[in-house]
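This report describes one protein structure in plain terms. Please look over the sequence and the structure shown below before reading on.

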Amino acid sequence: MKLTTDKIIVSGPCSAESRDQLLTTAEQLAAVGVTVFRAGLWKPRTRPGCFEGVGADGIEWMTEVRTRYGMRIATELNSVRNTELLLKAGVDIAWIGARTATNPFDVQDIADALRGCHIDVYVKNPVAPDSALWLGALERLERANIKGRIVAIHRGFCAWEKDIFRNNPIWSIPLWLKAQRPDLPVVCDPSHIAGQAKLVPHVARMALALGLDGLFVESHCNPSAALSDAAQQLTPEEFGQMMQDLKLTL
């Protein structure tokens, strides 16, 4: 099966946990047409003592995914000190997380480290609903003359009062960004907005209906055993079914 959409579609587990977990998930996602595989190697966590990722050990597993399944590989770049490792490994896509995007100094450091490099960079919205801060992060990377695609990721915003979603989507903000920069792709991370696997397809459908340019979805071969974000990860089979329901696959 192959994806038959011009939308940007990225999927994979929240965290790289083991070689077997990555290869199993990648194999199953490849079977439903995924060509861009994501997994976090370094995981910034709210409180200490949580799983914070396997770090550099997982780079070899990610490159094996690319070799075996022909997928482009993506991971989070949350510190400038990891830049050289990712560039040396030829990682195709680095994304800047919501916590990092909140700090212009961190974003500028990363932009300077990536200056002139051949890599795609995706930027999640800051944790607070600050549209100018999000646009500013994207502009800092553009001014670094990075030889790759710059993409915005809408993952919702933290809110004191929770409703059914983990993060408040505040759809007006990504739509504002698209209006300001129609040349800039804006994709949706329905996993972090939803917070529950059963709600991910609903959020994904809403994002596409509003004209967003793709999906950035967490998927795990065994979500119940995931070391991070277990509740919001789809199985590859569920992901494939969602793609069919959204009419994005054969």
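Which residues make a nonpolar surface patch of about 200 Å²? The patch is made by L175, M206 and L210. Patches consist of residues with over 30% relative accessible area and no salt bridge, where like charges are joined within 9 Å and nonpolar side chains (Val, Leu, Ile, Met, Phe, Trp, Tyr) within 5 Å. Accessible areas come from the Shrake-Rupley method with a 1.4 Å probe, and for residues only the protein chains shown count as cover.

The model is predicted: local features need pLDDT of at least 70 and side-chain atom pairs count only at pLDDT 80 or more, while totals for chains, interfaces and linings use all residues. Residues are numbered from 1 along each chain as its sequence is written, and side-chain values use heavy atoms, with hydrogens and water left out.

L175 sits in helix α7 (residues 172-180); helices (H or I, at least four residues) and strands (E, at least two) are DSSP runs, numbered from the N terminus. With a relative accessible area of 31%, L175 is partly exposed. Buried means under 20% relative accessible area, exposed over 50%, and partly exposed in between (1.4 Å probe, protein chains only).

**Cores and helices**

The largest nonpolar core has 68 residues, and F37, V121, V123, L215, F239 and M242 touch the most other members. Such a core is a set of buried Ala, Val, Leu, Ile, Met, Phe, Trp, Tyr and Cys residues joined through side-chain atoms within 4.5 Å. Apart from it lies another core, of 11 residues, including V10, Y122, V151 and I153.

In helix α10 (residues 236-245), P236, F239, G240, M242 and M243 are the buried residues. They lie on the same side of α10, because they cover an arc of only 160 degrees around the axis. The arc is that of the directions from the helix axis to the C-beta atoms. The buried residues of α10 pack against β1 (8-12), α1 (19-31), α9 (200-209) and β8 (214-218). P236, at 1% relative accessibility, counts as buried. Leaving aside neighbours within four places in sequence, P236 is in contact (heavy atoms within 4.5 Å) with T25, Q28, L29, V32, S219, H220 and C221. After α10 comes K247, with a positive phi near 60 degrees.

Helix α9 has V200, V203, A204, A207 and L208 as its buried residues. These cover an arc of only 130 degrees around the axis, so they are on the same side of α9. The buried residues of α9 pack against β7 (186-188), α8 (190-194), β8 and α10. G211 follows α9 and has a positive phi, near 95 degrees.

**Salt bridges**

Side chains of opposite charge can pair when their charged atoms come close. The structure holds 11 salt bridges, each a side-chain nitrogen of Lys or Arg within 4 Å of a carboxyl oxygen of Asp or Glu. The table lists some of them.

| Pair | N to O distance |
|---|---|
| R68 and E64 | 3.1 Å |
| R115 and D112 | 2.8 Å |
| R181 and D183 | 2.8 Å |

R181 is buried, with a relative accessible area of 16%, whereas D183 is exposed, at 55%. Salt bridges that share partners join R19, E64 and R68 into one network. Why are R68 and E64 separated by about one helical turn? They are 4 residues apart in helix α2 (residues 57-69). R68 is partly exposed, with a relative accessible area of 48%, and E64 is buried, at 19%.
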